[in-house]
Amino acid sequence: QVQLVESGGGLAQPGGSLRLSCAASGRAFSGSVMGWFRRAPGKEREFVATIDWSGGTTNYADSVKGRFTISRDNAKNTVYLQMNSLKPEDTAVYYCRAGVSAGLWFPGWGQGTQVTVSS
C-alpha cells in the first residue's frame, strides 16, 4: 500500500502558475510510476500526466501539453506538477497516484488538492 498526500493547490489567475506536490510513503516510491489526475466539477476524473521511475519518460494529456511539467525527486519521495499558463478550464481537484506502470495503478487515491483558476 502507498499513502499519498497532495498539496500546493489554491487560487490562481488565468495565465498564472501553481506548483503541486505529492508526498508518497509506505512503498518503494523510486520504483513506481507516478501520475497526476484531475476531476473538474461535474466531470469524470481524467488523466493529466505520468512520469516513469527514473524521471526520464513523461506523458501528458493534450490539454496540458506545453503548459504543465511533471517531475519527481526520489530522494524526497515526492512528485511535482508545475502548472503554467493556467486556464479556467484547469479548475479541478488534482490527485496523484502510484503504480507499477501507467494503467496499472496501486489501489486508492489521496485526498486531492483544489486548484481554482479565476480572475
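Over which ring does the charged end of Arg45 sit, at 4.5 Å from the ring's centre?

Mentor: The ring is that of Tyr95. Please note that this is a predicted model, in which local features need pLDDT of at least 70 and side-chain atom pairs count only at pLDDT 80 or more, while totals for chains, interfaces and linings use all residues. Residues are numbered from 1 along each chain as its sequence is written, and side-chain values use heavy atoms, with hydrogens and water left out.

The charged end of Arg45 also sits over the ring of Trp109, 3.7 Å from its centre. A charge sits over a ring if NZ of Lys or CZ of Arg is within 6 Å of the ring centre and within 35 degrees of the ring normal.

Tyr95 and Trp109 belong to a cluster that ring pairs form with Phe37, Phe47 and Trp105. Rings of Phe, Tyr and Trp (its six-membered ring) pair if their centres lie within 6.5 Å; planes under 30 degrees apart count as stacked, over 60 as edge-to-face and the rest as tilted. This rule gives 4 aromatic pairs. In one of them, the centres of Phe37 and Phe47 are 6.2 Å apart and the planes lie at 70 degrees, so the pair is edge-to-face. Phe37 is in strand S4 (residues 33-39) and Phe47 in strand S5 (residues 46-51), so this pair ties together parts 10 residues apart in sequence. Strands are DSSP runs (E, at least two residues), numbered from the N terminus.

Phe37 and Trp105 also pair edge-to-face, at 5.4 Å centre to centre and 85 degrees between the planes. Because Trp105 lies in strand S10 (residues 104-105) and Phe37 in strand S4, this pair ties together parts 68 residues apart in sequence.

Terms used
Helix = DSSP H or I, 4+ residues; strand = E, 2+ residues; numbered from the N terminus.
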